[in-house]
Amino acid sequence: MKFIHTADWHLGNIFHGHRRVDEHVHFFDWLLAQIEVHQPDALLVTGDVFDMANPSADAERAYYNFLSRASALLPGMNIIIIAGNHDSAARLEAPAALLADRGIFVVGTPRTDAQRQPNVDPMFIPLARRGEEVASCVVFAVPYLRSTDYPTGLSVEEGLRLYFDKLHEMHRHSGFRSLPIVVAGHFYAGGAEMLAEGRSERIVVGGADCVNANVVGRQNVSYVALGHIHRQQILTYDPMTAYSGSALPMSFSEKHYQHSVNLVELDHEGAPLVQQLRYEPQRALITIPEQGACTAEEALRLIEQLPPHKEGNEATHPYLEIRIAETHPQPELAHTLYNALEHKAVRFCAIKRERTGRDEAIEAPQLTIDELRTIEPLAMAERLYLDRFGEPMPESLVLRFNAALEATLDEVAKGEEA
C-alpha cells in the first residue's frame, strides 16, 4: 500500500492582505505531478483544508477543481479528508455522498449519542490498492475533536483516547483485524517542534490541548498521519508518527520551514518506508534586515538593493516584512517606505516596530475613575506617550494628534446631524 500524506493547506488564507489562491493552485499543480509520478493508492489530507470556516468561492473552486483533476488523473486512487480546527466540519462534509462516488471519503463532524459516546463507524475506512477489491489496510480517520464531541469532564487526551479505543475494538472484531492500521488525525502531539513567534496553529495557551502521541494506540498501527503543526517532522517511530507540515508558510516566523508531503509505502508486514517530497512555494518570504531590526535609513538602503519590478513576473514576487528599531514615533515612516517599494519586485506585508533605547520603564500614576471620565484626549495621549517612550510628546506629534481629533469630532457631528 502506497499513499501520500499532506495537511494544513489553509485554502483561502489571506496573508497580510494578500490573497493566495494562485499559490495554492501552484501547490496543487505540483501535487498532481507527484501523484502522476509516484502512482499512490491513496491520498490522505489530515485537516485544515481551509483557513476559515467560511472560505471564499475562489478557495472552494480551487479545492474541488483539485479533487476532480486528481480523481481523473489516477482512477482508483482513494482520497481521505478529515476536518481540522480551522475547517467548518459540517461544511466540509456536506458533499460527502457525492464525493464518495469518486472514491473520496470526507470525515468532518464526529457522531455521538445523547451521552456524547462516539459512533466511530464513519471513521473506520478499509482501503484497497488501486485495481484491487480486497483491502490492504484500515484507516482510522479522526477529525479535530472539540469538547462537545466527547463526554463532559474528559480532557482532550481522554476524549481522543475514547475514540481510538473504540476504533481499535471495532478493528479487533472486524474481518480486517489482521490488516495494518493507518491513523489520520488532527491534534497537537507532545514533543512536536514549533516556533513561539507568529504561531498560527491556534494552540491553546498553556498547552491544555497537548496530548501524548501514543493516544492513538500501538497495536497494528503502522503510520500516524497528523495535521495541525506546520513544521514538517517525524515525532516517533513506534508507531511512526509524522506531521507532513503546511503547504505554504503561514507567518514570517515559518519562512525557513521546509515544505513537503510524505510518500509512505507499507511493506507486506505493514512497516512504513517514508520519503519526503520537497515542495518549493511559489512565493518566498524575506525580511529586512535578515536578522534583528534596523533603522529607517538602513531599511531604505536595503530596499534600494531589491530587484526592480518587471511586467510578467508578479506571480513570483516574494512577501516582504520590514523590522524597524524605533526609539521614538516616526509618523511618516510607513509612507516613506511605501514610496521606496513602489517599483520593487516584492509584495509588501508589514512593518514591525521594535522599541529600543529605554533602560527603565516610566510608569505614569494610575488615574482614578473620576479622572478617567474627565481627562482630555490630548492629555491621555501625552500620558501614554510618556509611559511608552520616557519623554514628552514632541510638538509636531501634538499638532498631528489635534488635527486628527478635530477631524474625528467633525465626522461625529455630521453623523449626529444626519
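## Helix 9 against helix 10

P377, L378, A381, E382 and Y385 of helix 9 meet L397, V398, F401, N402 and L405 of helix 10. This is a predicted model. Helix 9 covers residues 377-389 and helix 10 covers residues 395-417. The two pack at an angle of about 140°, and their axes are 11 Å apart. That angle makes helix 9 oblique to helix 10. Their crossing is right-handed.

## The sheet 6-5-4-1-17-18

Six strands form an open sheet, in the order 6-5-4-1-17-18. The pairing is mixed. Strand 6 (104-107) and strand 18 (272-279) are the edge strands, and each pairs on one side only. From one strand to the next, the twist averages 20°.

Helix 1 (residues 21-38) packs on this sheet. Helix 1 touches strand 1 (2-6), strand 17 (259-266) and strand 18. The direction of helix 1 makes about 140° with that of strand 18. Helix 2 (residues 57-73) lies across strand 4 (42-46), strand 5 and strand 6. Helix 2 runs at about 155° to strand 5.

## Helix 1 and its surroundings

Helix 1 has 18 residues. From its first C-alpha to its last, helix 1 reaches 26 Å, close to the 26 Å expected at 1.5 Å a residue. Which residues of helix 1 are buried? They are E23, H24, F27, F28, W30, L31, L32, Q34, I35 and H38. Their cover includes strand 1, strand 3 (18-19), helix 2, strand 17, strand 18 and strand 20 (319-326). Q39 follows helix 1 and has a positive phi, near 50°.

Helix 1 and helix 2 pack at an angle of about 10°, with their axes 10 Å apart. The two helices are therefore roughly parallel to each other. On the helix 1 side, the contact is made by V21, V25, F28, D29, L31, L32, I35 and E36. Helix 2 contributes D58, A59, A62, Y63, F66, R69, A70 and L73. F28, L31, L32 and I35 are among the buried residues of helix 1, and they are also among its contacts with helix 2.

## The sheet 9-10-11-14-16-15

Another open sheet of six strands has the order 9-10-11-14-16-15. Its pairing is mixed. Strand 9 (124-128) and strand 15 (233-237) stand at the edges. Each has a single partner strand, so one side of each is left without a neighbour in the sheet. Direction ignored, neighbouring strands are turned by 20° against each other on average.

Strand 15 pairs with strand 16 (residues 240-243) in the antiparallel sense, over four bridges. I234 has A242 of strand 16 as its bridge partner.

## Helix 5 on that sheet

Helix 5 packs on the sheet and touches strand 9, strand 10 (135-142), strand 11 (181-186) and strand 14 (221-227). Its direction makes about 155° with that of strand 10. How far apart are the end C-alpha atoms of helix 5 (residues 156-172)? They are 25 Å apart, which agrees with the 24 Å that its 17 residues should span at 1.5 Å a residue.

The buried residues of helix 5 are G159, L160, L162, Y163, F164, L167, H168 and H171. An α-helix has 3.6 residues a turn, so residues three or four places apart point the same way.

Key: Residues numbered from 1 in each chain as written. Predicted model: local features only at pLDDT ≥ 70, side-chain atom pairs only at ≥ 80, totals over all residues. Heavy atoms only, no water. Pairing = 2+ DSSP bridges. Axes fitted to C-alpha atoms, helices over the stretch in contact; angles between N-to-C directions. Contact = heavy atoms within 4.5 Å. Expected span 1.5 Å × (residues − 1). Buried < 20%, exposed > 50% of the residue type's maximum accessible area, 1.4 Å probe, protein only. Parallel < 35°, antiparallel > 145°, perpendicular 65-115°, else oblique. Left-handed = near helix turned anticlockwise from the far one by under 90°.
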